[in-house]
Structure formats: structure tokens, C-alpha cells
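Subject: Structure handover

Hello,

I am passing this structure on to you. My notes follow it, so please read the two together.

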Amino acid sequence: MKRLLPWIVGTLTLCASATLVLGEELLPGQVDFGAFSPPKGDGQFVEVNVPTDLIKLASHFVEKDEPDVAKVLDGLKLVHVNVIGLDDQNRADLEKRAKKIRTDLTGGGWEQIVTVQQKGQDVSIFLKTTGQGAIQGLVAVVLDGNEHAVFANVVGDIKPEQLAMIGDKFDIDPLKKLHLHAEKSDDKSKDKADQ
Amino acid sequence: MQSAIISTHFGAPPPLMASDAALRGVGPSPTSPTPNHPIRTCLLCVITALIFSGPLLFGLGVASYFRLSSPTQALRRSVMEAVPGEWDKRIGINVGGFTLALVRFGSGFFQLPPEPKAALDALRGADVGLYRLERPPSSRDYSAALTIADKSMMRQGWERIVGVAQRGQLVAVYMPRGLRADRRFNCCVVVLNDQDLIVASGRGNVEPLLDLARQRLPEHSLAALAFARP
């Protein structure tokens, strides 16, 4: 046992170092978009990262007054939103990255549930589910004309229609806008159906 | 040889060993002066040390009001490293738990409006530093500032919750990793507005603020409560 002890300690140290170097494992339904840099000029850059603990705290707070909201929040593990203003320097890179993310998600078992391409807007929403149908995560990739790119990842049991509520409750504008997009596309589809 | 023997027998008796005295039942007589008690001696030493170190402690206490906390300092250093130039310190204040406890105690004698009272009840410590860049920065590349600040804060166990950069302004909010949902908050904020830099951190108990928010803002969005909390 005494001879094994240095080996055990060494192995544990190596494992701990590897964990630190390689970083934490991604949650099921979590997507690593990579690091984004603010545009060089006066372009917009917003990054919101709401971790599990903060979501739990928020859920704990609203559970008395808004039990439905608390229930939705209880199912969440992470909310991550990136908004980057588009300019001549970063447009090509961001478009390329959005394309790569979409390709990776499609190939990684994610289901594309919303696709909107009109007037320079390019919206894609992906959903990751387990074999039993439980939702693990949601990703929204939006290229809003020449204005900005949005990369959003909500990890946990979340339905697309609840996304806007999350945006409203956490005051995350891009998610609220997704709600508008959804409404607009719904209206248009209704109009088309009526015609 | 004879004289040596005489001096041994009739000279001053050799001091008794403690064990010998104990065995023979010999001790100081009631009329002899009592020796100094060791506890009393220690007490005197402590009191003397306190008297002499009092000014030093007072000086350190006063200095601590002007020394920012460790995460705030790390955040300030990161931004200053990323935005080089001559930074002029305007204000640097650190108010700790002891001072705030005194203020809370003192405020108990006055009728305060609910907002400041809730803030006082919530806050357990805060520090803020204001700095100004003497000349406008040559470039507004805040990605370096965010990257350096993220790395520096990560080493201290903090992660960025919010980062906003737009039109010469940079705002970043950090919270400790593994925050527990026990109503304790701890956060660090940096605001860079063109030439002005503000770094601040606060720690305390969020319960009084939440109660006030619940009373005053029943229909307000969760964001105000979730993000205003730390």
C-alpha cells in the first residue's frame, strides 16, 4: 500500500491538472460558441452568462408570486447570450462562425425547428432532445442584416415559446426580439393561410 | 582544607531546588513578600503592548479605508493594463463590516426611509475606486480589457456574468463561481466610460433588498432583481 501511495497521489494530481487545463465539461445541451471580441469601433457587444446558481436564486425569489415562471426557471441550467455588432471587419468572420455552428449542430443531433430568412434576417433555432423527448437545450443563431449577430444558448428543459419569457424575465433583449420574430412569422403564416 | 569545610557548613545555605522544597514542605513564610504572579506579569505586558501598538492599529485601520479589496484591485489592474496611460486616482474608499455595523447601530436611533435602511441592512462591505485617464485613449479596443480582466478574475475564482461594450463604454459584472443560493451576494463591477474608470465591489445579504423590491416592484421584471442583487 505504501508503494502504491505515490502512484495514487501522482495520478490524482495529473487528473486534477488535466481538469484545470482542459476546462470544465459542457453540460448536455450546452454549446461552446467560442470567445467573441467586441468590435473595434463603436459597435455593440453584449455578453450575458447566467449560471445555474443565479437562476436558482431567481427561481427561489419568484416561486411565491409566479409559480409558473419558477417552474420554468427550475428546469434551466444556463443562459448564455452573445450579441455582437456587425461591421466591415467582423461581418465575414461572424457569418462564417454562424454557418459553422449551424453545421455542427445539425451534425450533432440537434433539430432545427425554426428557420427564417427574409430581408437580410437569418434566424435559426435548434433544439436538443433526449431519446425520451426531454429537452436538453436550445440554440438560437441570428444574423440581423447589417446590424448584429446573436448567439444564444439556453441549457435545460425549455420550450421555444418560453424563450421570450426568459428574455422578458431576465431582461435579455435579443431573446425578446426572438419572440417578436416568432410572432411575426406566426402572423405571416396565418396571413398566408387566410389567403 | 579545614577552612573549606567550615565555609560549607556555616556559609549561606545553597538555594533549595523546587522539588526539594515541595518534598520538605518548605515554602515562603506568611510574612515574606509575595512573588510576582506570572498571569499578572503577562497582563501587564499585554496592556503595555496594546498601549504602544494602539496608534499603529489605528493607523492601519484608517489606511484600510483607502485600500481596495483584492478582487477590486485585480479588476482595476487588468483594465489599466489593457488601457495604458497616466491614470489619476480620484477616490478609493473601502468600508468594511465593522464600520457598517456601527452605522447600522447608529441609524437605529433615527427614522430612516425604507430604501436606505434596506441598503444598510443588506450591505456588509463595499469598496469603490474612481480613476481618470489624463489623455483620451488612443484606441477603444475593449476586447483586450475583457480578456485580461476575465483571466485575472478567473484566477481569483470569479466569473463574468455580464459584459457590455458600446460607444466608448465598457461594463463588466463579475460574481464568484459556485454562488450559493443562500441570499448572500458578492459582486465586482467595472465601468469604463471613455477616460473615467470605476471599479467597485459589494458584499452582503440580499434578503432586505428583496423584501423591499417585492413590496415596491410587484410587477417588475426579474432582471432588476436578479442582476441588481449582486
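Chain B has a secondary structure of 9 helices and 6 strands; helices (H or I, at least four residues) and strands (E, at least two) are DSSP runs, numbered from the N terminus. This is a predicted model, in which local features need pLDDT of at least 70 and side-chain atom pairs count only at pLDDT 80 or more, while totals for chains, interfaces and linings use all residues. Residues are numbered from 1 along each chain as its sequence is written, and chains are lettered from A and ligands numbered from 1 in the order in which they are written.

Of the 230 residues in chain B, 21% are buried. A residue is buried if 20 or more other C-beta atoms lie within 10 Å of its own, exposed if 12 or fewer, and partly exposed in between, with C-beta atoms placed from the backbone.

Helix packing in chain B

Helix α4 (residues 70-82) of chain B packs against helix α7 (residues 142-155) of chain B at about 150°, and their axes are 8 Å apart. Axes are lines fitted to C-alpha atoms, for helices over the stretch in contact, and angles run from 0 to 180 degrees between N-to-C directions. α4(B) is therefore roughly antiparallel to α7(B) (under 35 degrees counts as roughly parallel, over 145 as roughly antiparallel, 65 to 115 as roughly perpendicular and the rest as oblique). Residues making the contact include L75(B) and V79(B) of α4(B), and I148(B) and M153(B) of α7(B); two residues are in contact if their C-beta atoms, placed from the backbone, lie within 7 Å. By class, this contact has 10 nonpolar, 2 polar and 2 charged residues (Ala, Val, Leu, Ile, Met, Phe, Trp, Tyr, Cys and Pro count as nonpolar, Asp, Glu, Lys and Arg as charged, and the others, Gly among them, as polar).

A hairpin in chain A

β3(A) and β4(A) run antiparallel and are joined by 7 bridges; strands pair if DSSP finds at least two bridges between them. Q117(A) is opposite D122(A) in β4(A). Of the 8 residues of β3(A), 0 are buried, so the strand lies largely in the open. The hairpin has 2 residues between its strands, and K119(A) has a positive phi near 45° there. K119(A) is exposed, with 7 other C-beta atoms within 10 Å.

A loop in chain B

R167(B) is not a glycine, yet its phi is positive, about 50°. R167(B) sits in the loop between β3 (158-166) and β4 (169-176) of chain B, and counts as exposed because it has 11 C-beta neighbours inside 10 Å.

Regards
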